[in-house]
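Hi,

Here is the structure I promised to send over. Have a look at it first, and my notes follow below.

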Amino acid sequence: MSISIKGLSHYYPNGKRALTDINLEIPSGMFGLLGPNGAGKSTLMRILVTLMEPTEGQIDVCGYDIRTQRKEVRRILGYLPQDFRFFAKYKVREFLEYAAALTGMTNSSQRGKAVDEMLEQVGLYEARDRYAQNLSGGMKRRLGIAQALIHKPKVLVVDEPTTGLDPEERIRFRNLLSEASSKDTTIILSTHIVGDISSSCTEMAMLNQGQVMFRGSPAGMLSETEGKVWRLQVTNEQYAEINQKYAVISTIPHGLGWDLQVVSKENPGYGAVNYPPNLEHAYVYFTEIKDKD
Amino acid sequence: MLGITNIRIVSKYETKLLVRGWFFKVFAVLAILAAVILGSVYILQPFQQPEMVNRSVIPYLFMLVMNVGQAVVSVFLASEYLKRDKQLDTSEVFYTRPLSNAEYLLGKMWATLKVFFMLDLVVAAIALIMSLVKYGVNLDYLSYIWYFLLLSVPTLVFIVGLSTTLMLILNNQAITMVILLAYIGVTLFYIDDLYYYLFDYIGFNLPMLKSAVTGFSGLSRLINHRLCYLLLGIGLILTDISLFHRLANSRYSLLPWRITAALFLAAGLYAGYRHVHTYKVDENYRADMIELDNRYVNQGGAVADVCNLTVTQQGDSVSVTADMTVRPREDQQTLVFTLNPGFRIGSISVPGHEVKSERLKHLLVLTFAGTLKADEPVRIVMEYSGMADERICYLDITDEKMVENTKVLSMLNVPKRYLFQSGDYTMLTPESYWYPRPGVAFSNESPEWERSYFTDFNLIVTPNPGLTPISQGLCSVNADSTQYTFKPESSLPSVSLLIGDYRPKSMMVDSTLYTVWELGEWDDRFAVFDSIADTLSNFVRSTRRTMEFTAEMKYPFRRFSIVEVPVNFTSYKRVWTSAYEQLQPEMALVHERGCDMRMFQFENQKRMYGMGGNRRRGNNNMSEKEILISVFQTAINFMMQQGSFSGSNRGGQFTMTQTDNPYYYMPLFYNFRYNIYSSDWPMAKRMVESITNTNSNNNGGEWLRRMNGLSEDEKALILMGKYDFNRIMSDPEWEDLADNALALKTQDFFAPVSAAMGYEAMIDSITAKTREKEFSNVSFDSILDWLQTFSGVSLKEKIDAWDEPVRLACYKIGNPQMTTVTTDTADIYQAEIAVENISDYPGYVTLEYVFFETENAGDEDKPKKMLISVAPHETRRIVTHWFNTPSRIDVNTMLSSNLPHLVRLDNSNWSTYTGTDLTPEGVYSLRTGVDNTLPGEIIVDNEDKELFTLSRPIRTGYLSKWIDKSREKKNEFTYEGFSDWRTYTLWTLVTDQSMYGDYIRSAYIISPGDGSQYARWSVPLTDAGVYDVYFYTSPDMYDNNNRNRRWNNNNNNNNNGRRVTNDYNFEIEQFNMQDRVSLNMSRAEEGWNLLGTFRFEADTVKVSLNNRSGVSVIVADAVRLVKRVRD
C-alpha cells in the first residue's frame, strides 16, 4: 500500500475532535476522499502533507513515518491546497521555478527545462511571464497542479481542486490528474463534489464528522445504496410531510404536485418505487442516513 | 544539515518579492533621494561643511541617516513578510517542500537583510561618487566599509530578528509594529546615552566619528557594542527557527538551533554586559583615584620650582626622565605627586635623602626618613615610561557628563578623547598628568588640591623618526634633527607636549612668532593666504592690539601657535577657572581642519565672502585679495568671542544656555601669567579670578532671563537660600551654577572694601596687586593687606566666616525721584532712590547709574557704580547729582531673595519734580521704610499665598497629568521662562521687573482659552465704602502681538471662530453679586489700570480674571483697591 493510516485521531486545541480513529489503506492510483464540508477532509489532507501533526495514530507514506521522517515524506509529496488563489508577487514561471528549486532541482538549466515542460503540459506556457495573481481561477488551479507535479511526486494530495471552476476547466483539470495518476503516482483527491470522484477515482473513502463512513470503490458505494433510493409523485401537502421525514434529493414539479427522489432505508409509501442510485444518492445515504443507524 | 543552496534559493526568490513591494520601492526611492539631497548639502554645496567631510564624515553621515530610516522600514517589512506568509496559500505549498525550517527562515531573513544591504551600498556609492567628483581620489575609502559594518549590519540584523521574533510570538502585526516603533522612538529621542549607550541599537547617539588623524577612538569598545546587537540579532533570528509555525523536518532538528540561538543570545548579552562593565571598571577606577586623592589631599603638599623633562618616544610608548626641584609647603615627612597611572615608574632618586616610594594608582607618595623643612628645596629625579591612561583626566567631571555625547554637523557623535598616545601621534596636555605634579589631582572633600604654582620647565624631546614635537618655549633642534629642546622664557603653570607629523607655517610680527602647525597628511590650507602674505602681519598686529586693549594687558609670550589636533579632543568647563584645555600657554589647540569651526574652513569661507561680499556691494566684485583678507580676519578673530547662546527643548521646557568659547583669549593673557595662592585658603585663586573677570558670569541679559525664567545668578541665589554653599560647589547637578554662586559670594566677601573705597577702585587695586609680578606666585594675604591699606577694612575675619550658611537679605526698592534744580551755572539733576532691607540679615546692594551713550554724567571721573550696605530693617536713601538725567538705575541686590535680582529702573517711570534746593549727595538712613502704596489702598499680589488663588487645571489624560507632575518635580526654581511662541496650558509663574511685587516681582501667565481658567484675588475690606478697583499690568511685556494691535485696535477670532476681543475679562464679586468688567489691553497702560468704581461692604471682595481673551497670553499679577475719600 502506498499510504497506510492507522488509528488516526486529531483534536484541536479547543478540544474539538476533527478526526476519530481513521484507518485507511490507500493504494497507488487516484483515490477519492469524499465528504461534506467540515467532515475532516482538509485536516486529514494537512496531516498527510506534514502541515499538521496528528494527535494520535500512525501514518506511513510510501514506507516513511510521517512523524519521524517528514523530510523524506516531503521529498515525495506534491500538494495543492484548497482555495489556491492567493499568490505572492511572482510571475508564473518564477513561481514554478521557485517551487521546483525547493524540491531539490538545483541545476538551473534542468530546472528551466522541467518548468517549461510542465507549463506546456498544463497549458500555461503562453502565460509564463504574467504575474500569477493576475491569472484566471482555472489557470491558477493549473499552476497549482503544475507546482505540485513539477518534481514528479509519488504522492499527490489535492484538496477540493475543482471548487469554483467552470465545467470546461473542471474537465481539463480532471484530465490532468488522470494523466498524472497513470504514472505510478498516488493521487488523493479530496472533494465534496461527487462528480469529481465518479469521473476519475477507482478507489475512494467517505468521511463524515471525522470518521470513515465508507471505504471501497465508487461502484461498491453504489451497491450499498442499492434499494435505498425511491421515486414517488406527491401533492403539495404530502411533499411537506415527506420532506420532514426523509432526505429528499430531487424535487421536480409535476402537474399539480411533485416528482420526488428520496433516500430512505424503508419505503416511504405514497406509491414510491425503487430507483437506481447514483453516487450523489450514495453520498446522501452515507452522510445523512447511514450514520443515523 | 543546513543547506546553503536552499537558503540561497529562498533568499533569491524572496528578494524578488521584497524588491517588487511598493513599500520597499518607496523607501528605496526616498533613500536615494535623501542621499542625493544629503550629498548636495554636504558634498556638492559649496558652504557650511567642514573640509574633513571628504574623509570619514560623509560615510558616517550617510550611513547614520540611512540607518535610522531602514531601522524603521525593516520593522514594517519583516513583520509584513511573516504576515503575508500566513495569508498566502502559496506559502503552504512551500512548507511541504523538503527544505528545513532553518533553511526557509534564514533564506527569508537573508533576503530582507540583503535588500537593505544593497540599498546601503547604493547610498554609499552615491556618497562616494559625489565625493570623488568634489574632492578627487584622496578619500578614506575604508570608512565606507567601517560604517556599513558598524552601523547598518548590527542594526538591521537586530531589528529584523527582533521584529520577526515578536511577530511570531504575538502573531499580530499591528501590536508588533506599535511595540517596535515605540522602541525605535524611545531609542532615538529618549534613551540617548542611558547605560553608556547600551540601548542605542541604531547607533544614533553612539559616538563613532572617525578622526582623520587618529582613526576610530575606542574601537574595541565600539565593536563590542555593535557586536552585542549583531549577536542578539542572530540569536533572535535563530530563535525564530524554533518559533516558526511549520513542523520541522524531524523531531529533533530544532534542538541544535535552539542551543545555537541560546548561545548567540547569551553571547550578545555578555557583550552588552561587557560594554557596561568596561565603563563601570573605568568609573570605579576613577572613583578609587578620587578616594586616594581625598586620602592624601592634605598631605605632602609642595611647590615645584623646577621641572626638567627628557622625553623619548619609543614606538607607541614614551619614556621620561623628570628632574625636579620641589619645596615642601610646610615641615613634613612625605611628598605626594600625581603622575598618570599608565606610566610605570622605573626609578626614583632623591639625592641626599633616604626615601621610600609608594605608587598608588596615579599617586606617588614619597616618605622621607626625616622631616623635610618647609621651603627647603629637594631634588627628585624619576624615570617612568609607558602608555598614558585617559581615566585620570577630568576627575572632577561627573561620569554622566563624560558619557554625554558631543556632536558636529548637528548629528554626528564625536567620541571624547582627552589625550592621545601612539607611535604616529601623541598629545599630552597638563590634564593628562604626563609629568609629575605635586599634590593630588582632585578631591571632592577638600579644596586643597586646587593650588597651583608656576614652575620653571625645560623639555628635551626625542620623537619617533619623521615626527615633530611641539611644546612651550624656545625650540632648538640638534644637528641631525632628532632631538628638540624647549626652553620657556618664564615660569609656567604647566606644559603640554604634542608629537606628530606637524608642518609649521610661521610669521614673525613685532618679535612674536606666530605659527600654524598643520598635520602633514593634509594639504597646506594656509597656503591660500600666500598671495597676501605681506599684509597678514598688519592684521595679526591689529587683532593682538584689540585683545590687549580689551584685556588691558599685554600678550605675555614670545610666540603663539595654532595647533591642529584630532577632532575627538574634548575638554570641559571647570568651576574654578575660565580656562579650557584647548588653550595652553603660547598655543591654541584647534580641531583637525577646523571641522567644528567655520572660520577655519578657508575654502568655504572664501566662497562665502566672495558671494556675500558681492551681494552687499551690489555685485561689485570683491577682489581676491579683499576676500582673502576677510577670511583671514575672521579666522584670527576666533578667540575674540566669549561665548554663544543655544536653545534646547526638553519636555516642552525651552531653555537657552550660554556656551563658552573655549578659545576665548583671556586665559592666555591672565591665567597662564598670574597666580594667586594662599597657604591657608585654596579658594583664593578662584575668588580673585572671579572678582576681576567680570565677564565670566555673564547672565546673558534680560532676554535670556526671560527665556529661561531666571538668570543664572538668581538660580544660584535660590540654591544658596536652600542648600549649604559647599554642597552647591561640589554637587555635579549644579555645576553650571557653581561659578555664579562663587561670584556672588565673592562679591559679598569683598563688599565691605568696595563700600569703603568704591567698587571700581577696589577692582583696580586687586588687579594692580595681582599683576604686580607676572609668572610668579602672588600671595592672597598680600592682596588683602593691600586692600586694607587703602580701605581700612580687614577681610581676614571674613575668611573664617566663609563656611557659615549664606543668609539672603530682601529689599524693597522705592521708585526713583528725579528733581531738576537750576543753578547759576547749569541744571543739576538730583536722583534719589530708597532701598529698604526688610529681612533680618545685613546685605549690600549696588547701584549703577546708566546714561545714554550720547550724553554723559557730566563728570567722567565720578563713579557711576556704588555699593551700599544696608543693615537689617534699615532703609537707605541715596542721593546723587548729575549734569544729565540717568537713563536708568540698575539695582543689583547681590546676596538677596529678590526676584528679579537685578532691577533696571527706567527713567520713564520715575517721579519727576522741579526744585530749588539740592540735598547734599550721600547715603542717608531713613526712619521710615520704602512705601510705594497710597493711603487707603489695599493691594493683593499673586505672591500672596492666602489671598491669591488659581483655578485647578483641566486635565483629562493620564499622560498629560503625568507630564505635568514630572515637570513640577523637575522645577527646582519655581519660576519658568517665557517665549512668545510657547503655549501655556497651565497657569505658569514667571518673574520680570515690569511686574508688581514687594521683593519678588512675579505673575502667573496662561494662554487664552474658553474662559474656564481663572486667577482670583480675594481682597479683605475692613471698611465699607466706594472703591476704585485697579489691575496691575505690563501689557506689552508678555504679549508681542499686543504691541502691533496698539496701532490698529482690532479684534480677533478665537479658535472656535467666535469673535473675541483683546480684553481681559474680570468678574468682581461680593455677597454673590457679580459685576463683569473688561480691560482693553490694546489701550491699557503700564502699571495700575482702573477697572471701575464700586460700592463694597466691609467684607472680602473677589476679583477674578478668566482666560477668555484675544491676546497672546494672559498675565495675572496684582489687584489694588483704593477707597475714595468721598463717595
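**A histidine in chain B**

In this predicted model, a polar atom of the His275(B) side chain sits 2.6 Å from the backbone oxygen of Tyr196(B). His275(B) belongs to helix 9 (residues 255-296) of chain B, and with a relative accessible area of 1% it is buried. Beyond its neighbours within four places in sequence, His275(B) has contacts that include Tyr195(B), Tyr197(B), Arg221(B) and Asn224(B).

**Helix 4 of chain A**

The other element I looked at is helix 4 (residues 108-121) of chain A, whose 14 residues reach 20 Å from first C-alpha to last, close to the 20 Å expected at 1.5 Å a residue. Which of its residues are buried? They are Arg111(A), Gly112(A), Ala114(A), Val115(A), Met118(A) and Leu119(A). These cover an arc of only 165 degrees around the axis, so they lie on the same side of helix 4 of chain A. Ser109(A), Gln110(A), Lys113(A) and Glu120(A) are exposed on the other side. The buried residues pack against helix 3 (92-102) and helix 5 (137-149) of chain A, together with helix 1 (4-20) of chain B. Just after helix 4 of chain A, Gly123(A) has a positive phi of about 75 degrees.

**Confidence**

The predictor gives the complex an ipTM of 0.88 and a pTM of 0.79. Chain B has a mean pLDDT of 84, with 89% of its residues at 70 or more. Over residues 1046-1059 of chain B, however, the pLDDT is below 50. Where pLDDT is low, the predicted coordinates should not be read in detail.

Best wishes

Methods: Residues are numbered from 1 along each chain as its sequence is written. Chains are lettered from A and ligands numbered from 1 in the order in which they are written. This is a predicted model: local features need pLDDT of at least 70, side-chain atom pairs count only at pLDDT 80 or more; totals for chains, interfaces and linings use all residues. Side-chain values use heavy atoms; hydrogens and water are left out. pLDDT is the predictor's confidence in each residue, from 0 to 100. Contact means heavy atoms within 4.5 Å. Helices (H or I, at least four residues) and strands (E, at least two) are DSSP runs, numbered from the N terminus. Buried means under 20% relative accessible area, exposed over 50%, partly exposed in between (1.4 Å probe, protein chains only). A polar contact is a pair of N or O atoms within 3.5 Å; within protein, one must be able to donate a hydrogen and the other to accept it, and residues adjacent in sequence count only if both atoms are side-chain atoms. The expected span of a helix is 1.5 Å times one less than its number of residues. The arc is that of the directions from the helix axis to the C-beta atoms.
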